[in-house]
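Here is a quick briefing to read alongside the model. Have the viewer open and follow the topics in order.

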Amino acid sequence: FIGSGIPRDVVFAHKIGIDITDKVYLDAGIVFYDSRPYLIVVMTKGKNEKQSQSIMKDISEKIFNYIKNYDE
């Protein structure tokens with residue numbers, strides 16, 4: 001889910017939670033990006049698995065690009 005929005009060479013530790021009955025999908029993890037590691041948690045409700053994956057990928061990509069391009 002979230003990992004699909006992060007480059008493959010970036011270390012990412014995470015845990016996925018799924019409740020198919022209530023259509024709840026959750027992914028939470030730590031992205032070990034260079035000297036800027038960060039936590040990310042995304043949850044969807046009422047979407048199917050494919051929709052949830054797409055939403056989580058989009059959010060994850062946006063956050064990663066923000067962290068990558070952030071200029072202190």
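Predicted model: local features only at pLDDT ≥ 70, side-chain atom pairs only at ≥ 80, totals over all residues.

Residues are numbered from 1 along each chain as its sequence is written, and side-chain values use heavy atoms, with hydrogens and water left out.

**Overall layout**

- The chain has one helix and three strands, where helices (H or I, at least four residues) and strands (E, at least two) are DSSP runs numbered from the N terminus.
- Along the sequence the pattern reads β-β-β-α.
- The C-alpha atoms fill a box of roughly 45 × 20 × 20 Å, taken along the principal axes.
- Of the 72 residues, 29% count as buried; buried means under 20% relative accessible area, exposed over 50%, and partly exposed in between (1.4 Å probe, protein chains only).
- Take the contacts (heavy atoms within 4.5 Å) between residues at least 6 apart in sequence: 38% of them join residues at least 24 apart.

**Strands and turns**

- E1 (residues 11-19) runs antiparallel to E2 (residues 24-32), with nine bridges joining them; two strands pair if DSSP finds at least two bridges between them.
- Within that pairing, Phe12 has Val31 in E2 as its bridge partner.
- E2 is also joined to E3 by eight bridges, again antiparallel, and here Gly29 has Ile40 in E3 as its bridge partner.
- E2 and E3 form a hairpin with five residues between them, and Asp34 in the turn has a positive phi of about 35 degrees.
- Ser35 sits in the loop between E2 and E3 and counts as exposed, at 69% relative accessibility.
- Ser35 and Gly5 are 30 residues apart in sequence and 19 Å apart in space, C-alpha to C-alpha.

**The nonpolar core**

- A nonpolar core here is a set of buried Ala, Val, Leu, Ile, Met, Phe, Trp, Tyr and Cys residues joined through side-chain atoms within 4.5 Å.
- The largest one holds 14 residues, and Ile2, Ile6, Val31 and Ile40 touch the most other members.
- E2, E3 (38-45) and H1 (49-69) each supply at least two residues of this core.
- In soluble globular proteins, nonpolar side chains tend to be buried together.
- Leaving out residues up to four places away in sequence, Ile40 touches Ile2, Phe12, Asp27, Ala28, Gly29, Val31, Ser60 and Ile63.

**Helix H1**

- Asn48 caps the N-terminal end of H1, with a side-chain oxygen 3.1 Å from the backbone nitrogen of Lys50.

**Ser52 and Thr44**

- Ser52, in H1, is buried with a relative accessible area of 0%.
- Thr44, in E3, is buried too, at 7%.
- Their side chains are joined by a polar contact of 2.7 Å; that term means a pair of N or O atoms within 3.5 Å, where within protein one must be able to donate a hydrogen and the other to accept it, and residues adjacent in sequence count only if both atoms are side-chain atoms.
- Not counting residues up to four places away in sequence, Ser52 touches Phe1, Tyr25, Thr44 and Lys47.
- On that count, Thr44 touches Lys23, Val24, Tyr25, Ser52, Ile55 and Met56.

**Val10, before E1**

- Val10 lies in the segment before E1 and is buried, with a relative accessible area of 12%.
- The C-alpha atoms of Val10 and Tyr33 are separated by 6.0 Å, though the two are 23 residues apart along the chain.
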